[in-house]
Amino acid sequence: MKPNTRLFSLSALTLCCITASSSLVRAESYLWPEFRGAGKQGHAIAENIPLQWSESKNLAWKVKTTVSGWASPVVSTDSIILAGAKDKDGKLSLHIASHNLSDGSLIWETQVFVPESSTIKKRHKKNSYSSSTPILADEKIYAHFGHLGTCALDLKSGSILWKRVIEYPPVHGNGGSPALVDGMLVFSADGAEDPAVYALDAQTGETVWKTPRESSARKKFSFSTPLVIETNGQKQIISPGSGMVGAYAPDDGSLLWQVRYGEGYSVVPRPILSHEMLFIGTGYDRPKVLGIRVPQEKGDLTDTHIAWETRRSAPNTPSMIVVEDALYFVSDGGILSCVNPHDGKVHWSERLGGNYSASPIAIDDRIYFVSEEGMVNVVAADTAELNVLAKNDLKERSLASPAAFNNTLLLRTQDHLWKIVASSK
């Protein structure tokens with residue numbers, strides 16, 4: 001299936017021979033099927049999303065969630081799928097829950113894993129036991145909980161189709177979401193040692209290939225979500241890890257090319273593709289944003305393909321977004337920057353306020369940023385200045401990235417799921 005270029009029309013995210021691959025994820029079937037949407041870049045096909053809302057204005061419903069975690073909601077035609085955890089009497093269990101899109105009611109909930117206490121490691125205070133966003137495809141749910149397990153469920157019934165545990169030594173818990181490509185579920189297993197990229201058969205959960213990372217970084221752990229692109233008819237799995245970003249061949253996992261960035265570790269942001277460039281964050285301790293020309297060549301391209309880089313207010317956690325020929329990114333500490341994607345020149349960099357982990361989404365010429373404190377800032381896509389159109393206080397902690405489609409905005413906070421729809425009054 002050819003990529004649906006309509007998904008990227010607002011920000012020129014497809015350019016002739018270089019595209020973000022949408023195989024196995026059909027926008028017409030699922031309203032928001034994975035982390036950052038059907039286009040994987042945070043762009044929503046939506047209209048009439050309100051600028052402002054409250055408990056009494058433009059709120060269709062707000063329901064208490066039965067599971068906790070920072071996985072983003074994913075949406076089929078009539079249901080919302082949440083991954084989450086329960087911790088009862090010191091016993092951790094991992095779950096998938098399905099909510100009715102029309103009223104938020106719980107349709108079903110399935111317990112998928114009960115990890116042994118010895119496998120539950122210390123996690124970062126910003127992390128949860130369920131921070132990886134599921135994927136919807138072919139009437140199935142693919143859910144990933146890092147080293148605690150990966151599984152597939154039937155979308156309608158919640159019955160478990162297969163499950164698998166791939167053990168590796170995590171640091172700070174789990175975070176990166178998987179990607180689907182050519183019938184495979186691909187994710188990184190970047191733990192304290194022996195980091196690798198895995199591909200599992202989406203039908204059975206069996207390992208198709210495992211590729212060790214080629215990185216000399218001292219700290220091996222990272223949490224990034226892969227991005228599948230296609231250049232000159234060849235698919236590539238772009239997966240940042242500690243000290244390097246690599247492009248892997250889907251058929252056998254071989255490393256096609258890499259760009260190194262030293263000792264960067266705990267890399268979280270999902271890559272962005274636009275303007276024949278890849279934009280990535282390099283992680284701690286001093287994050288950078290890199291603009292990398294999408295290579296046609298193979299090998300180590302560190303010295304030839306980095307077009308530009310900047311340390312100015314670079315994010316450790318939130319992914320970036322391109323809207324109307326500008327790249328936007330917010331630092332974890334709340335500095336929002338607007339830069340030229342071609343050369344990295346900073347148009348402006350201003351304090352938005354708050355702290356950030358969630359990745360932004362774009363709806364037409366507006367960008368929605370959700371702070372950890374639960375403030376949703378609606379910002380105009382404007383290269384001249386920071387223009388905050390509205391602020392909406394959810395009054396509850398939030399580290400989950402939002403979802404948007406048609407006339408609906410979905411938000412997940414610590415204890416609730418919100419559906420925002422413009423009032424007909």
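Author: Start with D285. In this predicted model, D285 sits in the loop between strand 20 (277–281) and strand 21 (289–293).

Now take E276. This residue is placed in the loop between strand 19 and strand 20. The backbone of E276 has a phi near 55 degrees, a positive value in a residue other than glycine.

D182 belongs to the loop between strand 11 (179–181) and strand 12. With a relative accessible area of 43%, D182 is partly exposed. The side chain of D182 makes a polar contact with the side chain of K235, at 2.6 Å. K235 itself lies in strand 16 (residues 234–241). For a sense of distance, K235 and I49 are 34 Å apart in space, C-alpha to C-alpha. In sequence, 186 residues separate K235 and I49.

Next, the salt bridges. The count comes to 10. One of them joins D190 and R213, with the closest N and O atoms 3.0 Å apart. D190 is in the loop between strand 12 (184–189) and strand 13 (196–201), and R213 is in the loop between strand 14 (207–212) and strand 15 (227–231), so the pair ties together parts 23 residues apart in sequence. D190 is buried, at 3% relative accessibility. R213 is buried too, with a relative accessible area of 9%. Both values fall under the 20% cut-off for buried.

E263 and R218 form another salt bridge, with 3.6 Å between the closest N and O atoms. E263 lies in the loop between strand 18 (255–260) and strand 19 (272–274), while R218 lies in the loop between strand 14 and strand 15, so this pair ties together parts 45 residues apart in sequence. E263 is partly exposed, at 33% relative accessibility. R218 counts as exposed, at 68%. There is also a network: salt bridges that share partners join E34, K40 and R270.

K156 pairs with D78 in a further salt bridge, the closest N and O atoms being 3.6 Å apart. This pair links distant parts of the chain, 78 residues apart. K156 is in the loop between strand 9 (150–154) and strand 10 (160–164), and D78 is in the loop between strand 3 and strand 4. D78 is partly exposed, at 39% relative accessibility.

Stay in that loop for S76. S76 is located between strand 3 (74–75) and strand 4 (79–88). S76 is buried, because its relative accessible area is 2%. A polar atom of the S76 side chain lies 3.4 Å from the backbone nitrogen of D78. The side chain of S76 also makes a polar contact with the side chain of S79, at 2.8 Å.

E324 is in the loop between strand 24 (321–323) and strand 25 (326–330). E324 counts as partly exposed, at 44% relative accessibility.

Notes:
Residues are numbered from 1 along each chain as its sequence is written. This is a predicted model: local features need pLDDT of at least 70, side-chain atom pairs count only at pLDDT 80 or more; totals for chains, interfaces and linings use all residues. Side-chain values use heavy atoms; hydrogens and water are left out. Helices (H or I, at least four residues) and strands (E, at least two) are DSSP runs, numbered from the N terminus. Buried means under 20% relative accessible area, exposed over 50%, partly exposed in between (1.4 Å probe, protein chains only). A polar contact is a pair of N or O atoms within 3.5 Å; within protein, one must be able to donate a hydrogen and the other to accept it, and residues adjacent in sequence count only if both atoms are side-chain atoms. A salt bridge is a side-chain nitrogen of Lys or Arg within 4 Å of a carboxyl oxygen of Asp or Glu.
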